[in-house]
Amino acid sequence: MNLNQGKNKKIFLLRGQKRRILFSFLCNDKCDWNLQQLWIADWTPAEMEDVMVTDDRGDRKTDASGEIRPFGLRDKIGYMFGDFGNDFSFIFASNYLMVFYTKVLGLSGFVVGLLFLGARFVDAFTDVTMGRIVDYMRPAGDGRFRCWIRRMCVPVAVASSVMYLYFVRDWVYWAKLVYVIFTYLLWSSFCYTAINIPYGSMASVISPDVKDRASLSTFRSIGASLAGLVIGVLVPLIVYETDLEGNQVVRPVNFTVTAFVFGILAVGCYVLCYLLCQERVVFAKKEGKKESVWSMLAGLGKNRPLLALVCAALVLLLATLLSQTMNNYLFLDYFKNAKALSVVNVVGIGGTLLLAPFISVIVSRIGKKEAGAAGMLLAGVVYVILFFLQVKSILLFMVLFFLGTLGTGLFNLIIWAFITDIIDYQEIATGRREDGTVYAVYSFARKVGQALAGGLGGFVLTAIGYISEAPAQTWEVSRRIYMVATLVPGICYLAVFLIVQFAYPLTRGEVEKNTAILRNKRQEQAGEAGIRRDEKST
């Protein structure tokens, strides 16, 4: 049944106490439909003005005026600020936590690598557990996912900030290790997990429309790019200085101050995300016995698109974060120009921002899978060329680096829309809606990639003879840093291209077919709910 059909459409709103809203439709002059559940996609903005939607507690999903607000720019900007807030801690940690641990606290790269890898074993439990919580826990009055942004915005900012206390460098070595392990796990495995998984899952309930979700993915990537721009430009200027011998050294106090400033900014971004975004898609309350974890994992294990994207995400994060981490050492020790790192970061993010206005056209014409594969192929080829050229000119490096970021930027602008497509695929395959659980598995893969990047970075620095206490490295060590910073990302990006091109099955046609199937399913569920309500009333 098309929700827009019927000349005698009547809408009755029960106001006052928290009650479910009945939508009465007269279809073909015969069927009286009482709709308990609604997908907004088929409604025009004018019709939305008269409609309110409730969650499974009966809480009305409305704005202050009592009307459902159509999806629009406000939601996109709000969702953008959500990842802006996330990356004030995530990108800062990905790019500079290794530097802080080695340069300020004096820990070896091997020890830091073990920490990053060990934390992922904890994440294997906390990520999936958080996904199950948001899927099965009774929603709050402000939604199933938005409430977690409200609850966790301050704790995650505090946890991130206390990882960068410069005075810990004066503690004994075992005390440093205890501090590092406790604060890193508190931020990464608990606080960040508790806000990032609900935030990422929320995209599927802001709008059911494929194009809307693609735009949310684009704006999320813009938020990450803006955070990367702020961090990439300002942090090198703040935390590095040149000593009397011309070597680049860190300023420990500035690390701590910067971390707390970023924490405050992150809270502000989260608040904006909470205020500007609205959940619109409401799913029926899960009835019956709760599915076991092993049964859930077995179902996810049969999800080919999820497995392919998990592999791609793991390799992609390994390449991207390793490149970002090694770039710090590349410009400190190979190019010997830490200030130029700010310019390179601007150039890198510029590619993403340049593509952002055109991403909807690109996706609509060739599809998400097809565009993502092309971007990864371009990035891989450029980084392999960088490796073979062994460039010593910063300008030439920037030009080629920019071309590479056009490829990675294209993929990153659409990658979050892949997740919502996979959530839909999972529902069709299993009959269950598991937004939080699916996103949690993907989030865990990203964290594994982050850990491998940090761990591999620490192991590689030790293997190539990097001495963290030395004010300058030998030329041979500097040359090896260049090789790692270019060849490894190049190989990884080409691997992602192969995974997306040949293992990921959700082409543009498949996504459109799945969207149509679920739209019909929602309409049938709504009709059945109305019939049951009519039977009870009689």
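**Close-up views of a predicted model**

By class, the residues that line the largest cavity comprise 16 nonpolar, 19 polar and five charged ones.

**View 1. The largest cavity has a volume of about 820 Å³.** Its lining consists of 40 residues, and those closest to the centre of the cavity are Ile-91, Ala-224, Thr-320, Gln-324 and Asn-412. Several helices take part in this lining: H2 (73-104), H5 (173-201), H7 (210-239), H10 (304-334), H11 (340-355), H14 and H15 (435-463) each supply at least two residues. Which helix gives the largest share of the lining? That helix is H10, with eight residues. In the model as a whole, the count of cavities of 30 Å³ or more comes to 10.

**View 2. The second largest pocket holds about 310 Å³ of space.** Here 17 residues form the lining, and Val-210, Lys-211, Val-363, Ser-364 and Lys-368 lie nearest the centre of the pocket. At least two lining residues come from each of the helices H7, H12 (359-366), H13 and H17 (508-537). When the lining of this pocket is divided by class, five residues are nonpolar, six are polar and six are charged.

View 3. Two helices, H13 (368-389) and H14 (394-430), each supply at least two of the patch residues. The greatest contribution is that of H13, which gives four residues. Is Leu-396 buried, partly exposed or exposed? Leu-396 counts as partly exposed because its relative accessibility is 39%, and this class lies between the limits of 20% and 50%.

**View 4. Gln-390 is found in the loop between H13 and H14.** These are the two helices that each supply at least two residues of the nonpolar patch. The backbone angle phi of Gln-390 is positive, at about 50 degrees, although this residue is not a glycine. With a relative accessible area of 24%, Gln-390 is partly exposed.

**View 5. Lys-336 is placed in the loop between H10 and H11.** Both of these helices are among those that each supply at least two residues of the lining of the largest cavity. What is the value of phi in Lys-336? The angle is near 55 degrees, a positive value in a residue other than glycine. Lys-336 counts as partly exposed because its relative accessibility is 44%.

**View 6. Val-315 lies in helix H10.** Why does Val-315 count as buried? Its relative accessibility is 18%, and buried means under 20%. How far apart are Val-315 and Leu-452 in sequence and in space? The two residues are separated by 137 residues in sequence, whereas their C-alpha atoms are 9.2 Å apart in space. Helix H10, in which Val-315 lies, also provides the largest share of the lining of the largest cavity.

Methods
Residues numbered from 1 in each chain as written. Predicted model: local features only at pLDDT ≥ 70, side-chain atom pairs only at ≥ 80, totals over all residues. Heavy atoms only, no water. Buried < 20%, exposed > 50% of the residue type's maximum accessible area, 1.4 Å probe, protein only. 1 Å grid on protein atoms, 1.4 Å probe; cavity = no way out; pocket = protein on both sides within 12 Å on 5 of 7 lines; lining within 4 Å. Points joined across faces, edges and corners; volume = space filled by probe spheres on them. Nonpolar A, V, L, I, M, F, W, Y, C, P; charged D, E, K, R; others polar.
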